[in-house]
Amino acid sequence: MTFVVTDNCIKCKYTDCVEVCPVDCFYEGPNFLVIHPDECIDCALCEPECPAVAIFSEDEVPADMQEFIQLNVELAEIWPNITEKKDSLPDAADWDGKKGKIKHLER
């Protein structure tokens with residue numbers, strides 16, 4: 001089992017989750033984070049740390065966000081690893097909670 005970063009992280013990219021990850025399994029794109037499923041140890045420390053409530057256990061990913069399971073797999077293979085907390089994106093508060101942000105995902 002792994003944890004999955006979903007839609008609400010896009011254009012927010014809070015990194016509170018990165019700071020608590022004991023195995024450094026987060027990867028960073030321009031406006032989104034993903035979790036590498038082969039590195040995640042299912043410790044669940046990241047989930048409550050996400051201010052955007054964008055991280056779910058793989059078996060609890062909402063039905064309308066199932067595509068994010070494969071997206072985390074794909075992007076974790078090409079994006080660089082992130083191991084330290086950074087500032088969120090400048091307009092994160094404006095984007096937090098908006099629906100359908102997948103079209104804004106920058107690769």
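## Cavities in the predicted model

On a 1 Å grid over the protein atoms alone, a cavity is a set of points where a 1.4 Å probe fits but cannot get out, and its lining residues have an atom within 4 Å of a point. A volume is the space filled by probe spheres set on the points, which are joined across faces, edges and corners. This is a predicted model, in which local features need pLDDT of at least 70 and side-chain atom pairs pLDDT 80 or more, while totals for chains, interfaces and linings use all residues. Residues are numbered from 1 along each chain as its sequence is written, and side-chain values use heavy atoms, without hydrogens and water.

Let's start with the second largest cavity, which has a volume of about 30 Å³. Thr-2, Phe-3, Val-4, Ile-35, Pro-37, Ile-69, Asn-72 and Val-73 form its lining. The elements giving two or more residues to this lining are β1 (3–5) and α2 (67–76), and α2 gives the most, with three. Helices (H or I, at least four residues) and strands (E, at least two) are DSSP runs, numbered from the N terminus. By class, the lining has six nonpolar, two polar and no charged residues; Ala, Val, Leu, Ile, Met, Phe, Trp, Tyr, Cys and Pro count as nonpolar, Asp, Glu, Lys and Arg as charged, and the others, Gly among them, as polar.

## Glu-28, a buried charged residue

Glu-28 is found in strand β2 (residues 26–28). Its relative accessibility is 14%, so Glu-28 counts as buried (under 20% relative accessible area, with a 1.4 Å probe and protein chains only; exposed is over 50%, partly exposed in between).

The Glu-28 side chain is joined to that of Lys-13 by a polar contact of 2.8 Å, and to that of Lys-86 by another of 2.8 Å. A polar contact is a pair of N or O atoms within 3.5 Å; within protein, one must be able to donate a hydrogen and the other to accept it, and residues adjacent in sequence count only if both atoms are side-chain atoms. Leaving out residues up to four places away, Glu-28 also touches Leu-33, Trp-79, Pro-80 and Ile-82, among others.

How values were computed: On a 1 Å grid over the protein atoms alone, a cavity is a set of points where a 1.4 Å probe fits but cannot get out, and a pocket is an open set with protein on both sides within 12 Å along at least five of seven lines; lining residues have an atom within 4 Å of a point. Contact means heavy atoms within 4.5 Å.
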